[in-house]
Amino acid sequence: MADFFKMLSESSRLQIVCALKAEPKNVTEIIAITGLGQANVSKHLKMLAQAGIVSRQARGVCAYYQISNPFIFELCELVCDALSIQIDHQNEQFEALGVMLQDV
């Protein structure tokens, strides 16, 4: 499980995963969407494929990558929701602190 989350902890890999959300894409399309370099995209795609997060399918002379299991987006949504709640709570604490400091 730690290795799985480690794969998702790198921002470039998250960009690639998000680029593949709607449909399979080749490396050139992923580069255009993410702005990452070709060597970087290829390296991360290899890692994501080894982790089973993406799969590769040959189409003519191109290889297309797709998400192996769409549950990954549900997981990301859960994490984002939890982080949003945490940030809201911290903002409330900062606002309360600001009010207390104004009273001093």
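## Interface between domain 1 and domain 2

About 600 Å² of area is buried between domain 1 and domain 2, with carbon and sulfur atoms giving 94% of this value; buried area is the accessible area (1.4 Å probe) that two parts lose on being put together, summed over both. Phe4, Lys21 and Ile67 supply 50% of the area that domain 1 buries against domain 2, more than any other three residues.

The model is predicted: local features need pLDDT of at least 70, side-chain atom pairs count only at pLDDT 80 or more, and totals for chains, interfaces and linings use all residues. Residues are numbered from 1 along each chain as its sequence is written, and side-chain values use heavy atoms, with hydrogens and water left out.

The bounds come from an automatic or database domain assignment.

| Part | Residues |
|---|---|
| Domain 1 | 1-68 |
| Domain 2 | 70-103 |

The centres of the two domains, taken over C-alpha atoms, are 29 Å apart. Nine residues of domain 1 are in contact with five residues of domain 2 (heavy atoms within 4.5 Å).

On the side of domain 1 that touches domain 2, helix H1 (2-8) and helix H2 (11-19) each supply at least two residues; helices are DSSP runs of H or I, at least four residues, numbered from the N terminus. H1 gives the largest share of that side, three residues. By class, the side has seven nonpolar, one polar and one charged residues, where Ala, Val, Leu, Ile, Met, Phe, Trp, Tyr, Cys and Pro count as nonpolar, Asp, Glu, Lys and Arg as charged, and the others, Gly among them, as polar.
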